[in-house]
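Here is a short briefing on one protein chain.

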Amino acid sequence: SFNEMAFSIKEKIQTIEETQVQYRMLFENAGDAIFILEAEGENQGQIVSANQAAAKMHGYTVEEILKFKIQDLDAPHGMSELSGRMQRILNGEWITGEVNHRRKEGTVFPIEISAGLLEFEDKKYVLAFDKDITERKQVEEALQRAEQLVSVGVVSAGLAHEIKNPL
């Protein structure tokens, strides 16, 4: 009957709306930065959508960050690699890697990116997840320095032994 069909449609709409709310909540509350970018044309790289974490990570509000292209956030030496990454994504590849981004106040920081193609209503977008890896990089550098000090210590101990005990 007509009433049953109308109720069924109403249920489906409600389910779609609930799903949209769930995805919006996931997007907004994610700990890592999430960007949706234009994938093609003269607006390639234009930030279409960004979550709160993306804005905060870069020192902007969401409204401010939506005025940029992703290349505006790349540190100067990273921009040359952007077109290659975009092409790989357009070819269907899911890419991962490390790049440097720039905060609003100018400091450069390392991020780990994971990005791929998102097709929606015959348009191509890039879905990108960015993680600030500043702390991880600092720990890696500290470990490298510690390893260098250990090897210098071993060499020094060997030299001291040789000097103390001549042939």
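Lys104 is partly exposed, at 45% relative accessibility (partly exposed lies between buried, under 20% relative accessible area, and exposed, over 50%, with a 1.4 Å probe and protein chains only). Lys104 forms a salt bridge with Glu64, and the closest N and O atoms are 3.0 Å apart (a salt bridge puts a side-chain nitrogen of Lys or Arg within 4 Å of a carboxyl oxygen of Asp or Glu). This is a predicted model: local features need pLDDT of at least 70, side-chain atom pairs count only at pLDDT 80 or more, and totals for chains, interfaces and linings use all residues. Residues are numbered from 1 along each chain as its sequence is written, and side-chain values use heavy atoms, leaving out hydrogens and water.

**Salt bridges**

- The count comes to seven salt bridges by this rule.
- Lys104 sits in the loop between β3 and β4 and Glu64 in helix α3 (residues 62-65), so their pair ties together parts 40 residues apart in sequence (helices, H or I of at least four residues, and strands, E of at least two, are DSSP runs numbered from the N terminus).
- Glu64 is partly exposed, with a relative accessible area of 27%.
- Arg103 pairs with Asp132 in a salt bridge, the closest N and O atoms being 3.1 Å apart.
- That pair links distant parts of the chain: Arg103 is in the loop between β3 and β4, and Asp132 is in strand β5, 29 residues apart.
- Arg103 is partly exposed at 23% relative accessible area, and Asp132 is partly exposed at 31%.
- Glu38 forms a salt bridge with Lys123, with the closest N and O atoms 3.1 Å apart.
- Glu38 belongs to strand β1 and Lys123 to strand β5, so this pair ties together parts 85 residues apart in sequence.
- Glu38 counts as buried at 16% relative accessibility, whereas Lys123 is partly exposed at 37%.

**Nonpolar cores**

- The largest nonpolar core has 23 residues (a core is a set of buried Ala, Val, Leu, Ile, Met, Phe, Trp, Tyr and Cys residues joined through side-chain atoms within 4.5 Å).
- Elements giving two or more residues to this core include β1 (33-38), β2 (47-50), α2 (52-58) and α4 (79-90).
- β4 gives the most to this core, with four residues.
- Residues with the most contacts inside the core include Phe35, Ile47, Leu73 and Val126 (contact means heavy atoms within 4.5 Å).
- A second, separate core of five residues includes Phe27, Ile34, Ile36 and Leu127.
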